[in-house]
Amino acid sequence: MENQQKEKSSAKYSIIVPTYNERLNIALIVYLIFKHLSGIDFEIIVVDDGSPDGTQDIVKQLQQVYGEDCILLRPRPKKLGLGTAYMHGLKHASGNFVVIMDADLSHHPKYLPSFIKKQMETGASIVTGTRYVKGGGVHGWNLMRKLTSRGANVLAQTFLWPGVSDLTGSFRLYRKSVLEDVISSCVSKGYVFQMEMIVRASRKGYHIEEVPITFVDRVYGSSKLGGSEIVEYLKGLLYLLFTT
Amino acid sequence: MFGTLRKGFEFHLGTEIINIRIPSDGSRIDHELEASMIHVPFVSASVFCIHPRNDEMKHIVKIMALLVALSAIWISLLQISVIPDSYTWLLPLYFIITLGCYGLFMVGIGLMQFPTCPQEAILLQQDIIEAKDFLKTKGVDVGSD
């Protein structure tokens with residue numbers, strides 16, 4: 001109990017947001033984070049992969065408004081992948097908790113307080129957002145997308161027994177030490193990387209809690225879900241089956 | 001290799017854990033030998049796994065152990081002929097079909113109950129307008145995307 005009190009007063013949250021061509025969304029996300037996390041000690045780490053649309057200029061303008069100690073811009077020269085973006089952001093994180101989220105507003109910052117609350121209540125090492133339970137949900141998915149998502153989920157649950165309901169979600173809160181431990185043992189790319197992280201964490205015995213979130217897919221139509229994606233997924237599933 | 005047996009995968013149909021001690025040859029990493037033995041009438045099945053002490057048992061090993069146990073039960077049913085043999089031979093097929101049906105059923109249920117949130121899209125649009133207004137006043141360029 002006393003440990004949790006001490007942790008509550010000294011908790012700092014580093015929010016890592018990887019961006020690529022998110023000139024408008026990054027400004028909106030920063031505004032919403034500040035709106036919903038007032039009174040909490042946090043920093044936003046923007047890991048931009050050399051966006052040609054001027055995302056970094058916008059971030060610099062935001063730094064003028066909100067302060068350079070609250071918004072850290074840590075860019076990279078070109079697109080180098082999500083996993084390495086997290087590792088890069090992690091190097092500059094000064095908080096004892098790390099939040100990862102997408103920059104395209106499919107993850108809404110208004111759920112951040114519920115992540116924090118869940119972690120403080122349960123003392124969990126990882127709190128992951130799930131779109132598939134009551135209270136959560138998805139908007140902007142057609143039937144085909146829902147079908148593949150549901151099928152993938154059932155497959156993963158049957159063979160991997162992961163202990164979480166949403167494996168491919170990327171809206172998560174990690175204790176910093178736990179993220180460092182898990183990320184060093186993951187080798188996949190893309191969304192299989194998200195799956196690998198949560199499955200490895202589950203195998204290592206970390207306490208994982210879930211929080212319902214809503215996911216509004218604004219990238220209608222260009223949601224890439226072709227045959228190659230399915231093959232990638234199955235390969236990832238087999239890889240995780242045999243190596244975790 | 002020096003090993004002591006740790007309690008491994010157990011089944012409640014008469015599982016035994018074997019105790020094995022293997023003398024050390026001076027190697028520096030401790031290994032563990034895990035074994036599960038399943039006894040059903042006429043059949044013993046064992047699963048052995050040797051792995052470094054700092055790893056938990058791999059998930060695939062658990063699944064293989066489960067399959068081995070099921071196979072042991074199946075073979076024993078063949079031996080003791082409680083059910084006519086023609087049915088027993090088809091049991092694995094029935095099992096796979098049942099698994100497939102269960103999977104399809106779960107997908108169907110999940111699809112029907114898929115939580116959606118159309119109101120969130122509207123709230124998001126409102127949030128975007130609010131954010132744009134605020135940021136414009138602060139001099140951040142939120143022009144068209």
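Biologist: How many residues does the contact take from chain B and from chain A?

Modeller: This is a predicted model, where local features need pLDDT of at least 70, side-chain atom pairs count only at pLDDT 80 or more, and totals for chains, interfaces and linings use all residues. Residues are numbered from 1 along each chain as its sequence is written, chains are lettered from A in the order in which they are written, and side-chain values use heavy atoms, without hydrogens and water. Contact here means heavy atoms within 4.5 Å. On that basis, the contact takes 34 residues from chain B and 42 residues from chain A.

Biologist: Which helix of chain B gives the largest share of the side that touches chain A?

Modeller: Helices are DSSP runs (H or I, at least four residues), numbered from the N terminus. Helix 1 (59-80), helix 2 (85-112) and helix 3 (118-137) of chain B each supply at least two residues of that side. The largest share, 12 residues, comes from helix 3 of chain B.

Biologist: What area is buried between chain B and chain A?

Modeller: Buried area is the accessible area (1.4 Å probe) that two parts lose on being put together, summed over both. Carbon and sulfur atoms give 72% of the area here, and the total is about 3,400 Å².

Biologist: Which residue of chain A forms a salt bridge with B:Glu130?

Modeller: A salt bridge is a side-chain nitrogen of Lys or Arg within 4 Å of a carboxyl oxygen of Asp or Glu. The count between chain B and chain A is 3 salt bridges. In the one formed by B:Glu130, the closest N and O atoms are 3.1 Å apart, and the partner is A:Lys35.
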